[in-house]
Amino acid sequence: MGAAIAAPFTTLLRPDLACASGHGARRVIFFYFPDGVAGRSQDGDASLWEARGSGGRLVLSEQLEPLAGFEDRCVFVNGLQMGGTDEGSHPGGAKKLLTNVDGGNGQSLDQFLASTVGRSAPFPHLYLGAQATVNGASGDKFVSYPTAGTPTPPEDDPRRAFSRLFDGTIVAPTPESPGGDPATELELRRQRSVLDVHLAELTELSSRLGRAEKRKLDVHLESLRTIERGLSRMDMPPVDPPVSSASCEDPRLAYDVSDETRFEAAVFGRILDAQMDVMVQAMACGLTRVGVIQGGHHTSELIMSHIPGSEMYDPGYAMRSHQASHYGARHDRSNRNFVDYLAQRRWWVAKYRALLERLAAIPEGDGTMLDHTLVLLCTEVSDGNTHSHRDMPFVLAGNAGGTIATGRVMETSGRRHGDLLAAIATAMGEPLAGFGWDSREALPGLITG
Amino acid sequence: MGCATLLVALVGCREGGAPAGPGDGPPPRGPVDGAEYYAAECASCHGSAGQGRRGPALAPWSGSRDALVAAIDETMPYANPRDCVGQCAEAVADHVLTLTGELDCSSPPLPPRRLRLLTRREHAATVRDLFAPIASGEAPANPCADGTTFRYVPSRALRSVHVAGSFNGWDPSAWPMREEGGVWTLTRVIPEGVHQYKLVLDGAEWIADPNVPETAPDGFGGANSLLTVRCTSGGTTGVTIADPPTGLPPETRPEEYPFDLQADDGIVTLVHATEYLAAARRIADALGDSVERLVPGADRDGFVRTFGRRLFRRPLTDAEVARYAALADVETDANAQRRLIVRAMLASPSFLYRSEVGVLDGGTHRLDGYEMASALSYALLGTTPSDALLDAASRGELDSDEGVRRAAEAMLDDPRTRATLGVFARQWLGLDAIGELARGTSLATRQKLREATERFVSGVMLEGDFDALFTGSSIPADADVATHYGVAAPSTPWSAVELPAERHAGVLGHASVQLRYAHSDQTSPIARGVFVRRRLLCQEFAPPPPEAGGVPDVDPNATTRERFRQHTESATCASCHQYIDDLGFAFEGFDHEGHVRTEERGLPIDTSGVLRDVNGFGTDTDDPIDDVRDLGAALAIAPAAQDCLSTQWWRWAHGAPESEAEECLVREVATEFRRSDRDLRKLLVDVLASPSFRRRGATMEVMP
């Protein structure tokens with residue numbers, strides 16, 4: 001237990017981080033769900049997603065209703081668009097969602113942040129999924145792009161994610177002897193020597209190749225350098241001191257889904273819950289600053305009517321996420337697809353709220369982790385039936401140490417969503433004047449402090 | 001060209017494009033030049049000559065200019081129909097009218113130089129094989145994995161010798177032996193158990209195997225040879241090698257590429273790197289002192305050279321030898337040094353990537369013999385090249401077309417090729433996901449049904465005729481498979497059984513395919529129809545337009561077919577669904593579990609329809625079909641189906657979908673496949689042995 005975690009250092013705060021704890025966000029989580037929302041319908045029924053209100057009175061829509069009680073911690077960003085290219089498509093939307101480049105031909109924001117502000121953490125990037133890689137999912141189902149044009153899949157198994165983070169697969173010094181033990185010293189020397197060989201080999205290989213292959217090897221090189229940094233950090237205080245020492249010393253995973261049943265809709269919620277637990281503990285322990293949680297994947301065959309305890313639960317009836325999203329041209333409440341679709345979307349929002357609750361339950365500084373963590377709710381299209389890429393449904397939670405005023409609606413009328421992505425980077429301490437295509441400035445008015 | 005405006009490629013047609021960093025924007029567009037716009041926005045789907053790629057052919061355009069302008073104005077580009085209207089639509093239309101539809105193949109291109117990250121499947125097989133010698137000690141070969149070899153030396157000249165027995169349905173032509181220097185041999189994986197067989201000389205004379213003393217009466221007054229196969233479990237003297245990394249992320253691939261081999265998406269993220277290093281450590285630790293048996297009697301440098309060649313699939317340079325030898329200085333004990341060397345090599349980029357980079361030769365690159373050894377071995381055997389093949393490479397035997405061809409042909413009789421072709425079949429037909437479906441049929445049975453299909457396809461590719469893929473009447477089966485199909489179990493597991501008559505349609509009659517392309521509670525004519533178009537005919541479809549709506553609600557008073565009637569009643573829907581639905585309806589005689597049915601909710605099933613434009617949209621053919629058997633018979637003779645299989649094999653071998661320029665290479669292979677009267681064994685070899693596989697990109701691609 002406690003890979004690379006040195007309990008004695010929990011009280012040491014780096015001065016720059018001590019500063020950062022009051023200004024800006026220390027972490028970010030992108031929470032993705034598939035197949036859009038009931039937005040503006042094909043025949044022009046007004047969106048049933050957007051929150052409304054200003055001047056202190058905020059009215060949640062029926063799909064956002066599960067956020068009641070948390071609306072003060074959120075900014076409801078209305079009106080962003082992802083550009084005309086590939087509009088009308090799920091994969092086109094998924095490729096643009098975090099890259100803001102057509103066809104996913106750009107690095108995604110989560111990966112950009114992992115390689116910048118997240119780089120100092122033992123795990124610069126943590127990408128967890130719930131049934132995201134099932135059904136022979138092709139690459140366009142994933143939202144994270146380590147390098148232009150090449151997506152990467154999330155880890156769908158909470159057990160594996162948990163053990164990778166907390167079992168110290170690579171280096172496992174015991175908390176009692178974080179260094180000084182001869183056996184550990186020898187193992188560290190082995191690891192450093194092995195890495196030295198691989199880094200030299202990669203560099204040589206890279207010099208013999210064309211641009212496309214070099215790009216791939218650059219990702220490999222950065223992965224090895226991350227491991228190398230982890231090794232050289234062994235004797236040093238953690239860069240991000242744990243917020244909750246329990247998360248490091250006694251991390252818990254309550255998860256009992258068997259390998260045989262892990263594809264079933266009935267266990268979907270339990271997988272997602274477990275992944276949220278893993279993510280929050282990893283962040284509380286200072287293991288990572290940048291996370292993505294992907295629930296399912298677009299055009300999902302997930303039979304949401306088989307999720308026990310949900311509003312749409314009906315074991316005798318198979319209603320899939322994607323099937324419900326094609327509810328028709330109108331918002332017709334006599335149509336079962338539509339009614340189920342609304343219930344499904346509320347279910348996703350409730351899961352997002354559950355993530356916020358986990359963060360809000362852990363004290364940090366003079367507030368909670370939620371005060372220092374940005375959590376973006378996002379999906380790859382706006383209205384699930386029209387597949388529109390306009391009026392995208394984004395909700396951002398967390399006030400970034402007081403620099404983002406929450407509890408409000410932002411009307412952005414037609415700005416590119418890259419402006420929001422740039423603003424998130426800026427709030428994370430990596431100021432950007434735009435991210436991806438057609439994005440010229442960080443969303444003005446988001447960061448207030 | 002009626003469907004031209006709607007039948008376009010899947011989204012994501014636009015290829016390449018410069019990586020954009022923060023703040024980059026698309027280039028601003030001035031007045032539209034039709035040719036430029038077409039090249040940028042249309043060619044990736046419709047082809048630069050309008051010949052059609054993932055989207056339909058446009059040239060030569062048979063309709064009016066006005067119709068073309070209107071189609072572009074209103075619906076194109078597919079991904080962004082508002083982008084080209086008015087003057088733009090006219091300019092692009094005028095450019096389309098100049099296109100010939102003929103792809104210029106006068107100077108065929110070269111595939112790119114590539115590094116190919118081992119897939120999880122390849123990685124696991126490689127690790128298993130590398131340590132097999134010590135993992136199993138001196139244990140004998142396992143006939144259930146490596147096959148049983150028949151050997152016969154006749155006293156007279158023979159034209160053919162076949163093995164026929166209980167394991168292959170006593171088929172006198174299914175299992176040919178091969179002759180070399182007067183010795184006839186055949187190696188086959190035969191299931192555990194007791195079997196009876198005979199040798200068939202020149203297709204007529206049945207004799208007992210003279211090498212085998214054990215016989216049983218054959219019921220005709222003669223004797224059958226008895227064969228007892230016992231699987232050995234790897235012996236007990238060796239070490240147990242820890243599992244290869246099971247936590248590696250799944251491979252990513254573009255939607256139109258069905259295989260796990262997608263080279264361009266093979267990147268090593270932190271998760272990959274962590275898993276590789278952890279697995280290398282586990283494996284090295286598990287070796288203990290048996291590590292010295294990997295290369296018996298070798299000193300440190302000798303160990304590095306010999307084991308290194310096995311791992312890197314090429315000789316190590318002196319600098320590499322020195323580097324690994326120096327690494328070992330971290331340890332003092334000789335075996336600990338060897339273990340550290342193994343550990344480092346197992347996570348080395350030289351091990352993890354197989355190289356198709358080549359050596360500079362006359363302005364382009366030529367894959368060297370070692371690279372060819374890897375390419376052949378992984379494409380056909382699914383694993384790392386043997387020492388013998390690397391030796392052949394060192395002797396220059398893989399530097400010529402003939403040498404490569406000989407090596408590939410020899411591999412076709414290796415049982416591992418059969419297994420690899422099973423994987424090819426699984427991925428080609430999209431059966432990977434069969435374990436993840438919600439179905440009444442148990443997981444174990446679904447996997448067995450898939451295995452039966454894999455064995456069927458690999459058997460056809462190695463011994464059968466192309467037609468059988470879509471017309472075959474039998475399938476290899478065990479008891480579970482036979483039960484699902486309602487036929488008697490074969491006496492020997494996985495020998496062929498005759499299927500009920502309504503299933504005599506090759507893979508179309510297989511329950512694995514039928515239940516894979518269905519919903520959990522009902523059939524999906526759309527999924528089945530699209531399966532035929534995309535996987536078997538290589539014809540891509542756009543996703544349904546936004547207004548399409550989902551699956552029509554279940555109606556107790558209507559069949560599935562009736563519920564989808566709107567597809568053909570609405571002109572908009574019909575423009576695409578005329579190509580899809582009838583193909584799916586042909587499968588309606590099989591429910592979502594892959595069982596035969598004659599009625600649905602008490603209503604009669606109608607499986608008839610029309611197979612429209614089987615060889616490509618706009619080719620204006622209508623084949624009436626009554627059921628999957630008719631559909632299969634039509635596919636068996638359709639050039640598009642033949643071309644598609646050769647294309648899929650090309651994609652498998654190259655680890656990538658073909659670029660537009662590479663279509664010329666794919667066509668060469670397809671043309672040769674047709675010319676050879678659809679010789680499948682030849683196709684398997686041709687793609688790998690062709691000069692265009694070994695020649696790679698020009699020097700210009702190399703970074704200084």
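I'll start with one residue, Asn100 of chain A: Asn100(A) is buried, with 29 other C-beta atoms within 10 Å. The cut-off for buried is 20 or more such atoms. Keep in mind throughout that this is a predicted model.

Where does Asn100(A) lie? Asn100(A) is in the loop that runs between helix 2 (90–97) and helix 3 (109–114) of chain A. Asn100(A) is not a glycine, yet its phi is positive, about 55 degrees. For background, most residues other than glycine have a negative phi.

There is a case in chain B to set beside that. Arg601(B) also has a positive phi, near 50 degrees, and is a residue other than glycine. Is Arg601(B) buried or exposed? Arg601(B) counts as exposed, because it has 11 C-beta neighbours inside 10 Å, and the limit for exposed is 12 or fewer. Arg601(B) sits in the loop between strand 15 (599–600) and strand 16 (603–604) of chain B.

While we are on backbone geometry, chain B has two cis peptide bonds to point out. One joins Ala59(B) and Pro60(B), with omega about -5 degrees. Pro60(B) is in the loop between helix 1 (34–46) and helix 2 (65–75) of chain B. The other runs from Met76(B) to Pro77(B), with omega near -10 degrees. Pro77(B) belongs to the loop between helix 2 and helix 3 (87–96) of chain B. Again as background, most peptide bonds are trans.

Now chain A as a whole. Chain A has eleven helices and eleven strands. Its radius of gyration is 22 Å, close to the 22 Å that the globule rule gives for 449 residues, so chain A is as compact as a globular protein of that length. The C-alpha trace of chain A spans about 70 × 45 × 45 Å along its principal axes. Of the 449 residues in chain A, 61% are buried. Among contacts in chain A with a separation of 6 or more, 70% are between residues 24 or more positions apart.

Next, the sheet. Chain A has an open sheet of seven strands, with mixed pairing, in the order 5-6-1-9-10-4-11. Which strands stand at the edges? They are strand 5 (126–130) and strand 11 (408–411) of chain A; each has a single partner strand, so one side of each is left without a neighbour in the sheet. From one strand to the next, the twist averages 15 degrees.

Look at one pair inside that sheet. Strand 9 (residues 373–378) and strand 10 (residues 392–397) of chain A pair in the antiparallel sense, over three bridges. Leu377(A) stands opposite Val395(A), which is in strand 10 of chain A.

Two helices lie across this part of the sheet. Helix 10 (residues 336–360) of chain A lies across strand 1 (27–32), strand 6 (290–295), strand 9 and strand 10, at about 175 degrees to strand 9 of chain A. Helix 11 (residues 418–427) of chain A lies across strand 1, strand 4 (74–80), strand 9 and strand 10, at about 165 degrees to strand 9 of chain A.

Last, the contact between the chains. It takes 82 residues from chain A and 68 residues from chain B. Several elements of chain B each supply at least two residues to the side that touches chain A, including strand 1 (114–117), helix 8 (318–327) and helix 9 (334–346). Helix 6 of chain B gives the most to that side, with seven residues. By class, the side of chain B that touches chain A has 33 nonpolar, 18 polar and 17 charged residues.

How values were computed
Residues numbered from 1 in each chain as written. Chains lettered and ligands numbered in written order. Predicted model: local features only at pLDDT ≥ 70, side-chain atom pairs only at ≥ 80, totals over all residues. Pairing = 2+ DSSP bridges. Helix = DSSP H or I, 4+ residues; strand = E, 2+ residues; numbered from the N terminus. Axes fitted to C-alpha atoms, helices over the stretch in contact; angles between N-to-C directions. Contact = placed C-beta atoms within 7 Å. Nonpolar A, V, L, I, M, F, W, Y, C, P; charged D, E, K, R; others polar. Rg over C-alpha atoms; globule rule 2.2 N^0.38 Å.
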